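Let's take a friendly walk through this structure, one pairing at a time. Have the 3D view open as you read.

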Amino acid sequence: MNLIPEDIYKLLLAVLLGSVVGAEREYRTKSAGFRTLVLVCVGSALFTIFSLRMGGLNNGDRIAANIITGIGFLGAGAIFRGQSGVSGITTATTIWMVAALGMGVGAGEFILCAIATVVVLMVLLGFTYLENIIDVYHQTRTYRITCTFRDESLYHYEELFTSCNLKARRGKQSRVGDDITGTWVVQGSQKAHDLLTEKLLADKEIKSFDF
């Protein structure tokens, strides 16, 4: 197999595009950072080059088609569930997108990949500010409150959510000895959440709460 200068240019461009997106992820201290995304982009480009060279015109996608399967495993590793919910979905999607950029570079679609990289950066950088604006007016928090068990104990806090103009959905409840713990998924504006937090902090019946 002869070394073609165009293939070297493709790999270098893959390094560049992967670096641009990876730098943004590294700056935000995400699990898939600079080196990971560069390697994903270069690897996807290399597999695509091999696929086109080995498969020919009639079967040029036989290797490239399996890139998506491999990227699926990487993306799944970036997603995890914590007490505050599922996180890592944006990072997993970014890995998937960078793989697409690498495949496009390997296929010779340089201009399209450059435009797509700009679009990815616009989403990752510009849309963050839009999300912050949305969170001011609508955000979801999971509250867990522990207090001394009494009749109607937890209903009191559901009424408190309503008085603060918040919508609450009751989750798991458990009782240990004289204490009862309730969990709610609560939606509303940031101002309403702040008001609720102030009232919960002032409530002497609450032994602990978190969100």
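S4 and strand S5 (residues 179-188) pair in the antiparallel sense over eight bridges. Here strands (E, at least two residues) and helices (H or I, at least four residues) are DSSP runs, numbered from the N terminus, and two strands pair if DSSP finds at least two bridges between them. Look for Lys167, whose bridge partner in S5 is Gln187, and for Ser174, whose bridge partner in S5 is Thr181.

Is S4 buried or in the open? Of its 10 residues, the number buried is zero, so S4 lies largely in the open; buried means under 20% relative accessible area, exposed over 50%, and partly exposed in between, using a 1.4 Å probe and protein chains only.

## About the model

This is a predicted model, in which local features need pLDDT of at least 70 and side-chain atom pairs count only at pLDDT 80 or more, while totals for chains, interfaces and linings use all residues. Residues are numbered from 1 along each chain as its sequence is written, and side-chain values use heavy atoms, with hydrogens and water left out.

Axes are lines fitted to C-alpha atoms, for helices over the stretch in contact, and angles run from 0 to 180 degrees between N-to-C directions. Contact means heavy atoms within 4.5 Å.

## Helices H4 and H5

H4 (residues 89-106) and H5 (residues 110-137) pack at an angle of about 165°, with their axes 9 Å apart. The two are therefore roughly antiparallel (angles over 145 degrees). Among the residues that meet are Thr90, Met97 and Leu101 in H4, and Phe110, Ala116 and Leu124 in H5.

## Ser31 in its loop

Ser31 is found in the loop between helix H1 (5-27) and helix H2 (34-55). At 59% relative accessibility, Ser31 counts as exposed. Ser31 and Gly88 are 57 residues apart in sequence, yet 7.9 Å apart in space, C-alpha to C-alpha.

Definitions and conventions: Parallel < 35°, antiparallel > 145°, perpendicular 65-115°, else oblique.
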